[in-house]
Amino acid sequence: MTATLPHNSAAPSPASPSDFANRLVLGIETSCDETAAAVTLGGTRVLSTVVASQHELHAEYRGVVPEIASRAHAERIVPIITEAVRAAGIRLTDLHAVAVGNRPGLIGSLLVGVSAGKAVALGMGVPLIGVDHVQAHLYAGLMQLGDAPPLLTASTAFPALGLVVSGGHTTVYRVSSPTAMSRLGWTIDDAIGEAYDKVAAMLGLPFPGGPNVDTLARTGNAARFNFPISRLDKGSLNFSFSGLKTAVLYTLKGIPGELEARPPLELTPANTADICASFQHAAVKAVILKLERALEASPDCRTLLTGGGVTANSHLRAELTAFAARRKLALSLPAMALCVDNAAMIAGLGHHLLAQRSWSGDGLDLTAFPSGSV
Ligand code: KG4
Ligand code: ZN
């Protein structure tokens, strides 16, 4: 049986797309180690986005500890929602809907967000909608944060190639609308963000390592170490980063024995920067290579949508920009604040999903799914 939410009689039933343009949606995101809430207007304009990162809680473990993450979400979710509503200059009673990221992610963390979303939706008498976190990452580049409108809109961007690069995903899609996409290729082992974080850990850099590798790579020599660029089978659109990670490990630790013996590498600042630059060169090159292949397989896509934490990487952003210019693609890169996990992308995509369903949401039996994303 589906439990339904009572309808808020104060909120008028939407009649037309122009009515949808004035709708305010609260987004909630707790899939991993960021507790986030945001308010969007019309599914595109970000009125507020508040993100409380838990990095300091997980740093000593060099990775996210699920139980610590869900406890921290439980402590923080109410103040974060309150702050997002305040920063948007609205009241809770002004909301037209609540969108919550309910898949994929850490189950205990997701459940905190889903429970909070139900509480607000029930209390305000507005619809609640569950949103796929990975799909939402691709939507982030179509949102307006600040005064400058996005280059592309949901009505001009499709069909598109989609690239999600994060701590948990490295996936290429063919995208036909903000809510419809099919997977063309994905990683067969580590996600690219995970590889960044593991290499950073090998170098003794603080967690999460991706941004630190990015910064150090700027002063390093990318040609110093010839790390492998994974191609996999001819024409494959899948990714693999474990070989690259192992190559970095052996370069650092050295190789014992007679054949190809190499001494360990001393971790001087210059050597560390060169490792970062060479690793990043190989990782980003592998991504661009697969995008080239994906475009050959889907030549009607004239747009490239990108999203996920690793789209904050300066080298990847530059290479994506160059690739798009070379192949005459319109490029959607999220604003820096919308690359990593945030709730604005959840609210924005939630708005689209609701609009498709004449503003009727999920029931109160909405639950969380740790896996099974698009
Ligand atoms: O999207 P996200 O916040 O969470 C997931 O859905 O996984 O992505 C987090 C990942 C982490 O692996 C982090 O190290 C990486 O994004 N990341 C970066 C940069 N900023 C964040 N990786 C490389 N360069 C960056 N500037
Ligand atoms: Zn994410």
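At 24% relative accessibility, Ala-355 counts as partly exposed, a class that lies between buried (under 20% relative accessible area) and exposed (over 50%), judged with a 1.4 Å probe and protein chains only. Ala-355 belongs to helix H11, which covers residues 344–356. The model is a predicted one, in which local features need pLDDT of at least 70 and side-chain atom pairs count only at pLDDT 80 or more, while totals for chains, interfaces and linings use all residues. Residues are numbered from 1 along each chain as its sequence is written, chains are lettered from A and ligands numbered from 1 in the order in which they are written, and side-chain values use heavy atoms, with hydrogens and water left out.

The chain as a whole comes next. It contains 11 helices and 10 strands; these are DSSP runs numbered from the N terminus, with helices (H or I) of at least four residues and strands (E) of at least two. A compact globule of 374 residues would have a radius of gyration near 21 Å, and the chain agrees with its 21 Å. This radius is taken over C-alpha atoms, and the globule rule is 2.2 Å times the number of residues to the power 0.38. Along the principal axes, the C-alpha atoms fill a box of roughly 80 × 45 × 40 Å. Of the 374 residues, 53% count as buried. The accessible surface comes to about 15,700 Å², and 57% of it belongs to carbon and sulfur atoms; such areas come from the Shrake-Rupley method with a 1.4 Å probe, and for residues only the protein chains shown count as cover.

Contacts tell how the sequence folds back on itself. Among contacts between residues at least 6 apart in sequence, 73% join residues at least 24 apart, where contact means heavy atoms within 4.5 Å. Charges were also counted: there are 28 positive and 29 negative side chains, and the centres of the two sets lie 6 Å apart. Here Lys and Arg count as positive and Asp and Glu as negative, with His and the chain ends not counted. Each charge is placed at NZ of Lys, CZ of Arg, CG of Asp or CD of Glu.

His-133 and His-137 are separated by about one helical turn because they are four residues apart in helix H5 (residues 133–139). Both histidines, His-133 and His-137, are buried.

Two other buried residues give a view of the packing. Thr-179 sits in the loop between strand E7 (170–177) and strand E8 (180–186), and its relative accessible area of 17% makes it buried. Not counting residues up to four places away in sequence, Thr-179 touches Gln-135, Leu-349, His-352, Leu-353 and Gln-356. Val-114 is placed in helix H4 (residues 107–124) and is buried at 2% relative accessible area. With neighbours within four places left aside, its contacts are Val-100, Gly-101, Asn-102, Leu-366 and Ala-368.

The backbone also holds some details worth a look. Most residues other than glycine have a negative phi, and most peptide bonds are trans. A cis peptide bond joins Arg-103 and Pro-104, with omega about -25°; Pro-104 lies in the loop between strand E4 (97–103) and H4. Another cis bond runs from Phe-207 to Pro-208, with omega near -10°, and Pro-208 is in the loop between helix H6 (192–202) and helix H7 (210–217). Arg-62, which is not a glycine, has a positive phi of about 55°. Arg-62 is found between helix H2 (55–58) and helix H3 (66–87), in the loop, and is partly exposed at 44% relative accessible area. Trp-359 has a positive phi near 65°; this residue lies in the segment after H11 and is buried, with a relative accessible area of 5%.
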